[in-house]
2 protein chains.
Amino acid sequence: MRASGVPQTMISRWMLAVLVASSIASAWAQSLPSWNDGPAKQSIVKFVSEVTTPGGPNFVAAEHRVAVFDNDGTLWAEQPLYFQLAFMLDQVKAAAPKHPEWNDDPAFKALMARDQRALAALGLKPVLKLLAVANSGMTTAAYDKSIRDWLATAKHPKFQRPYTDLVYVPMQELLAYLRANGFKTFIVSGGSIEFMRPWAEKAYGIPPEQIIGTISETKFVIEAGKPALTRMPKIDFVDDGPGKPVGIYRGIGRQPIFAFGNSDGDWQMLQWTAAGDGRRFMGLVHHTDAEREFAYDRQSKIGKLDKAWDDALKHGWTVVDMKHDWNKVFAFQ
Amino acid sequence: MRASGVPQTMISRWMLAVLVASSIASAWAQSLPSWNDGPAKQSIVKFVSEVTTPGGPNFVAAEHRVAVFDNDGTLWAEQPLYFQLAFMLDQVKAAAPKHPEWNDDPAFKALMARDQRALAALGLKPVLKLLAVANSGMTTAAYDKSIRDWLATAKHPKFQRPYTDLVYVPMQELLAYLRANGFKTFIVSGGSIEFMRPWAEKAYGIPPEQIIGTISETKFVIEAGKPALTRMPKIDFVDDGPGKPVGIYRGIGRQPIFAFGNSDGDWQMLQWTAAGDGRRFMGLVHHTDAEREFAYDRQSKIGKLDKAWDDALKHGWTVVDMKHDWNKVFAFQ
């Protein structure tokens, strides 16, 4: 055994290394079972392997393994209308009698008519503003309860299931896989922090403090001797498009090395991630599965994927073809 | 051994429990060596023991063990002037030739004259505003570098040492002790996030994403094909006084069960922490040591401790007497 001059202990170490490497590779395959073998899965596994190999040229220390994910259309569905808009519809409807001035508001009219085209054309901001007014004066605790109550009863129009059933299993696996490899996972969403925090920890394993989103103004008050936070009728920060890198800077303070989105609202977050030094991963979910989920991209009013897709093709970012790359979309299917 | 009818395995378990309990108690004493035995240390250890005892009446699940700390005067010194103000002085001085309009600005005049009384009377906001203007147009990367450069060379006027040497050893021990007991530790400071993030991880073991602070407006830009974040001449959020519970809500999304401050700027954070259900810990550092550090409270222009102190006395919050409770203040002493 020592004929080659290599000490036996070194051979044993080498054999051990091979054994460890093959068991890691097998663990990889096991940790992303809903992903078909293909370029998308391979690019993820290759990236994670490179940045976690100590001594390798692309090694990244654990504290810099920051991974950011858009929510709507990336971690859960967003059609036919952002789920938060469905919630808002009910909230605004309930508050309407107290706000006769809304009868002339285009966002209010579009929301009441469920006019998705008009809502999409208006964008998120005027609708968020309506909601901010609708819930103004409510404590954050009461608002949190109204979200939990709604999520417990509301059903998605296509699937007739609670909205929280519409999280993507392959993305849940990806989040867990990244964390198992020392990454810290964050949500960076155009949706409001309050709407995600009540369920994201259970659905994604992401705690409230790792959720970056749109922020309404709140105010500290003491009412009848009891401290509370009251919602004010104003949006303070919109975490969408160019707001996403800003939200990352404010809330995380490190440039991510891994980012996943699905629409042009994620374009700047992907650009910001790509702009850092060293190995980076940029990914997009392309909705190609009208049967199991929805199929939409450049022409969609909700979750339009156009400029970010062009950039992905140009720079070789990973584009997930939902129909072909995922053997499972939702847990209930 | 079985005379009492108690099975031997049960006795063994009980003996093991006693052994474990006494080794934990001894570990406690060891993990806070710079704290003298006294009511402050005892109240900390008692609280942590209660909320981490599984099955106990005050047990708190690990994910809810959120601990928040003010920075200036709580984790490091703040006299004779907030250290960030010393940095600002140099920054504003360097930018002054480009801003002749500042000659009529009270905050600018007070800063140039190092008029601490006037600066304290003006409060943090107009000074932060000056700095925001001074650094407007700078990228966040360039700003980060200017802070690191300053910290590497500037010296504290009393101790003639780098400002980052002025962190309190007992508080470093407390942070580590809480984390060892499953707590997640956050800074919630009136200072700006940028000024703390470059050194807080090394000094306190608190990563950038767990630092809540005052936020200047930034904007995502692409210059010469390269994405960057540029600083705008506007303060977006002031994380001080009633802003602290708001900052906690925005950045953490959970009500803390443990809070430590040292001045009236921390009052609302302490009230907000106290307002939650179950066992809570509220602590104040009282600066009583003119020799090793500084002595100040109700009459101080910087770090005034008045209303929060009254509340502490009224509600039995823990008040640390620096002179008597800490056998060491700074590592270099």
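A: A:Glu194 forms a salt bridge with A:Arg231, the closest N and O atoms being 3.0 Å apart. The term denotes a side-chain nitrogen of Lys or Arg within 4 Å of a carboxyl oxygen of Asp or Glu. This pair links distant parts of the chain, 37 residues apart: A:Glu194 is in helix H9 of chain A and A:Arg231 in strand S4 of chain A. Helices (H or I, at least four residues) and strands (E, at least two) are DSSP runs, numbered from the N terminus. Over all chains the count comes to 34 salt bridges.

Q: What conventions and limits apply to such values?

A: This is a predicted model, in which local features need pLDDT of at least 70 and side-chain atom pairs count only at pLDDT 80 or more, while totals for chains, interfaces and linings use all residues. Residues are numbered from 1 along each chain as its sequence is written, chains are lettered from A and ligands numbered from 1 in the order in which they are written, and side-chain values use heavy atoms, with hydrogens and water left out.

Q: What is the mean pLDDT of chain A?

A: pLDDT is the predictor's confidence in each residue, from 0 to 100. For chain A the mean is 90, and 91% of its residues reach 70 or more. Residues 1-7 of chain A have a pLDDT below 50, and beyond near neighbours in sequence this stretch has five contacts in the model; contact means heavy atoms within 4.5 Å. For the complex, the predictor gives an ipTM of 0.88 and a pTM of 0.89.

Q: How is chain A related to chain B?

A: Two copies of a chain are related by a rotation about an axis and a shift along it. Here a rotation of 180 degrees with 0.0 Å of shift superposes chain A on chain B, with an RMSD of 0.0 Å. The two copies are thus related as by a two-fold rotation axis. Within chain A, A:Gly251 comes closest to the axis, at 3.4 Å (C-alpha).

Q: What area is buried between chain A and chain B?

A: The size of an interface is often given as the accessible area lost when the parts come together. Buried area is the accessible area (1.4 Å probe) that two parts lose on being put together, summed over both. Between chain A and chain B it is about 3100 Å², of which carbon and sulfur atoms give 55%. A:Glu209, A:Tyr249 and A:Arg250 supply 24% of the area that chain A buries against chain B, more than any other three residues. In contact terms, 35 residues of chain A meet 35 residues of chain B. Because 100% of the interface residues of chain A are also interface residues in chain B, the copies meet through the same surface.

Q: How many salt bridges cross the interface of chain A and chain B?

A: The rule finds eight across this interface. One pair is B:Glu209 with A:Lys184, whose closest N and O atoms are 2.9 Å apart. Elements giving two or more residues to the side of chain A that touches chain B include strand S2 (184-192) and helix H10 (243-251) of chain A.

Q: Which peptide bond of chain A is cis?

A: Most residues other than glycine have a negative phi, and most peptide bonds are trans. The bond from A:Gln79 to A:Pro80 is cis, with omega near 0 degrees.

Technical notes. Copies are superposed by least squares on the C-alpha atoms of residues with pLDDT of at least 70 in both.
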